[in-house]
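User: I have a chain here that I'd like to go through with you. Could you take a look?
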Amino acid sequence: MALFLKRFNFGVRATFISASRSSLPPLSSITYRSFHGTKKVESPQLSQETIDIVKATAPVIAEHGYSITRNMYGRMLKDPEVAALFNPSHQVEMKGEKAHQPWTLACSVHAYAANIDNLAALSEAVERIAQKHVSLYVLPRHYPIVAENLLWSIKHTLGDAATPEICKAWGEAVAFLADIFIKRETEIREHKRDTVGGWL
């Protein structure tokens, strides 16, 4: 791990706000505020090795995350079905500012890496994103597409620095988070479908 950290010593500034660490549920149990009150969604635990590797890459994501997500969207949005889910204006850089969609995702990926050992700190953000995904008709079949393009972009952007071990750990971490979103979004859709006047 020391060699890994040395390899990724890019002198990153602390430009992201870290979530506070308090007495919160363990990794395998993320608490959501839902229509039905407080509920727990259980997902298989990540290995400690994966947690350590992904967390160690957090400074790298802070430095290079925007490039990673820009490259990801540039590749992924060539798929017409996926492109239809996004506002094309959010991919445009204006007046020297970062494009909204890639920047938002870069911040989210960094927050995930920085808090992967304390995911309960991200529960409210996960809930907001899940609600947004449902409103945009994001479906379970879209997650493998996003995962494949994100992992491709990590390797493409970081080059040899993205070792097989790092790519494997991020693959597991992305699959883990996708599972959480898919389960929560399925619950939201089912609730809306079963509610009088529901729109699904």
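User: How many helices and strands are in the protein chain?
Analyst: There are eight helices and two strands, taken as DSSP runs (H or I over at least four residues for helices, E over at least two for strands) and numbered from the N terminus. Along the sequence they run α-β-β-α-α-α-α-α-α-α. This is a predicted model, in which local features need pLDDT of at least 70, side-chain atom pairs count only at pLDDT 80 or more, and totals for chains, interfaces and linings use all residues. Residues are numbered from 1 along each chain as its sequence is written, and side-chain values use heavy atoms, with hydrogens and water left out.

User: Where does pLDDT stay under 50?
Analyst: That is residues 1-42, where pLDDT is the predictor's confidence in each residue, from 0 to 100. Where pLDDT is low, the coordinates should not be read in detail. The protein chain averages 81, with 76% of the residues at 70 or above.

User: Switching to the core, which residues touch the most other members?
Analyst: In the largest nonpolar core, which has 41 residues, they are Val 54, Tyr 112, Ile 116, Ile 154, Leu 158 and Trp 170. Such a core is a set of buried (under 20% relative accessible area, 1.4 Å probe, protein chains only) Ala, Val, Leu, Ile, Met, Phe, Trp, Tyr and Cys residues joined through side-chain atoms within 4.5 Å.

User: And which helix gives the most to this core?
Analyst: H8 does, with eleven residues.

User: What does Trp 170 touch?
Analyst: Leaving out residues up to four places away in sequence, its contacts (heavy atoms within 4.5 Å) include Val 54, Ile 61, Tyr 112 and Ile 154.

Conventions: Buried means under 20% relative accessible area, exposed over 50%, partly exposed in between (1.4 Å probe, protein chains only).
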